[in-house]
Number of protein chains: 2
Amino acid sequence: MNERQRARRPGGRSARVGAEVHRAVTELINERGYGNFTVGEVAARAGVADSSIYRRWGGLETLLTDVALTRLNAQSPMPDTGSLAGDLRTYAAQVAREITGPDGLLLVRLAVALSSNGQQGQQARDDLRAERTRQLQCMLDRARERGEHAPDAFGVLDHILAPMYIRVLFGMELTPDYVDGLVDRLL
Amino acid sequence: MNERQRARRPGGRSARVGAEVHRAVTELINERGYGNFTVGEVAARAGVADSSIYRRWGGLETLLTDVALTRLNAQSPMPDTGSLAGDLRTYAAQVAREITGPDGLLLVRLAVALSSNGQQGQQARDDLRAERTRQLQCMLDRARERGEHAPDAFGVLDHILAPMYIRVLFGMELTPDYVDGLVDRLL
């Protein structure tokens, strides 16, 4: 079955379009960086009509944050180990592994690009932050329901995630001891 | 005295060239973003020869970090208030004011650009970090010499600077209470 035949099959077409568009966006980000390509170029590379992208995502900013969230959720899903210390250590280690990898600064780059892209970009950036904060808060709420004393999501952002991001951004190493230390310090 | 006459005066020529080159770099960053201009374009705009720039700065990466450091030192000089709490609060408030301003993400943008610009870029980024860390450490050493108990420069980076940068990057407000709270928490 060739690509064309697959694209014509009705079942799962939406999922396939989604995957093709995500792949096209990821390639264009790697080749040109954020802010250096258009919806039309994504559509051409993905083999879909511009209008399909606008209908589904509204615009480039929303599409970019959708790609970022899908990636984050795949690479750093919120863990559920049964204890807050376990959850935070697992989560922090996942994030550390991700941001020290080859595309580690992807989220920082995206935030920078969205921040300087007018009101639509800023809205997309705020939505991205709100979604990840919501997921993090669920993990912390589970701990509270178990009777554990938990910080809020902003505490995790400020004192676990932010130091790791800034250290990677400025070329410093993240050792497992350092990452665990951030979690222990917060708890 | 016109521009040409001023440029011919021997006294202070080096300082004038420096100022013109810095101005040209700042304009090009604002117009095009990091990584989207060359030494030749800086030279043309500043009205100097390419070779003057290479002789003095070695390359674009070093020039960019020189511009950033000059700006940081002007806008957020290390304070000397006589107490560590006073120094850190003043410093944190300065940084907060700077990064919430119109060019607030300049340092983050520069770090992102340098990080993805090969070994020369990474070296320039590391030098920038080392220089600011050194200045911060001087402030903390003064506190130790007065007999105060001081965190190290990395504690300030991780738990005061990083949260502020990440919050601004993701579009959150920095209130004076929040900024003071970061300092109090670290001390």
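Tutor: Start with the contact between the chains. Chain A and chain B bury about 2,700 Å² between them, and 67% of it is on carbon and sulfur atoms. Buried area is the accessible area (1.4 Å probe) that two parts lose on being put together, summed over both. A:Ile166, A:Phe170 and A:Arg185 supply 22% of the area that chain A buries against chain B, more than any other three residues.

Student: What kind of model is this?

Tutor: This is a predicted model, where local features need pLDDT of at least 70, side-chain atom pairs count only at pLDDT 80 or more, and totals for chains, interfaces and linings use all residues. Residues are numbered from 1 along each chain as its sequence is written, chains are lettered from A and ligands numbered from 1 in the order in which they are written, and side-chain values use heavy atoms, with hydrogens and water left out.

Student: How many residues of chain A are in contact with chain B?

Tutor: Contact means heavy atoms within 4.5 Å. Here 29 residues of chain A touch 29 residues of chain B. The copies meet through the same surface, because 100% of the interface residues of chain A are also interface residues in chain B.

Student: How many salt bridges cross the interface?

Tutor: A salt bridge is a side-chain nitrogen of Lys or Arg within 4 Å of a carboxyl oxygen of Asp or Glu. The rule finds 2 across this interface. One salt bridge joins the side chains of A:Arg167 and B:Asp158 (2.9 Å, N to O).

Student: How many helices and strands are in chain A?

Tutor: Both are DSSP runs, numbered from the N terminus: helices (H or I, at least four residues) and strands (E, at least two). Chain A has 10 helices and 0 strands.

Student: Which residues are closest to the centre of the largest pocket?

Tutor: Rolling a probe the size of a water molecule over the atoms shows where empty space is left. The largest pocket holds about 1,300 Å³ of space. Of its 50 lining residues, the closest to its centre are A:Tyr34, A:Val112, A:Ala113, B:Tyr34 and B:Arg109. A pocket is found on a 1 Å grid over the protein atoms alone, as an open set of points where a 1.4 Å probe fits, with protein on both sides within 12 Å along at least five of seven lines; lining residues have an atom within 4 Å of a point. Grid points are joined across faces, edges and corners, and the volume is the space filled by probe spheres set on the points.
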